[in-house]
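Morning, everyone. Please have a look at the model on the screen, and then I'll walk you through it.

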Amino acid sequence: MIIPVRCFTCGKVVGSAYPAYASRVNMGEDPKAVLDDLGFERYCCRRMIVAHADLISEISRLG
């Protein structure tokens, strides 16, 4: 659905980094390198970004 604003485990802000992560990975960059570059060192924050499934367009009437 919509990416959470903060990591469920540690509370670090992760929601604002998802658009940058998604666009860079779609352009062909390595996901590990992108996460390192964005400053996500903890695996709890990394899983919040990597495991997110963008389903909002599938359930909304506008999509």
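I'll take the helices in pairs, and then one arginine.

Two notes on the source. This is a predicted model, where local features need pLDDT of at least 70, side-chain atom pairs count only at pLDDT 80 or more, and totals for chains, interfaces and linings use all residues. Residues are numbered from 1 along each chain as its sequence is written, and side-chain values use heavy atoms, with hydrogens and water left out.

Start with helix α1, residues 18-26, and helix α2, residues 31-38. Helices here are DSSP runs of H or I, at least four residues, numbered from the N terminus. α1 and α2 pack at an angle of about 150°, and their axes are 10 Å apart. An axis is a line fitted to C-alpha atoms, over the stretch in contact, and angles run from 0 to 180 degrees between N-to-C directions.

Who meets whom? From α1, we have Ala20, Tyr21, Arg24 and Val25. From α2, they meet Pro31, Val34, Leu35, Asp37 and Leu38. Contact means heavy atoms within 4.5 Å. By class, this contact has seven nonpolar, no polar and two charged residues. Nonpolar covers Ala, Val, Leu, Ile, Met, Phe, Trp, Tyr, Cys and Pro; charged covers Asp, Glu, Lys and Arg; the others, Gly among them, are polar.

Which residues of α1 are buried? Tyr18, Tyr21 and Ala22. They lie on the same side of α1, because they cover an arc of only 95° around the axis. That arc is taken from the directions from the helix axis to the C-beta atoms. Buried means under 20% relative accessible area, with a 1.4 Å probe and protein chains only. The cover over these residues includes α2 and α3.

Just after α1 comes glycine 28, with a positive phi of about 110°.

Next pair: α2 and α3. Their axes come within 11 Å and cross at roughly 120°. The two helices are therefore oblique to each other. Oblique is what remains after under 35 degrees (roughly parallel), over 145 (roughly antiparallel) and 65 to 115 (roughly perpendicular). Lys32, Leu35 and Asp36 of α2 make the contact with Arg46, Ile49 and Val50 of α3. That divides into three nonpolar, no polar and three charged residues.

Last, arginine 46. It sits in helix α3, residues 43-50. Is arginine 46 buried or exposed? Buried, because its relative accessibility is 17%. Leaving out residues up to four places away in sequence, arginine 46 touches Lys32, Leu35, Asp36, Phe40 and Glu41.

Conventions: Buried means under 20% relative accessible area, exposed over 50%, partly exposed in between (1.4 Å probe, protein chains only).
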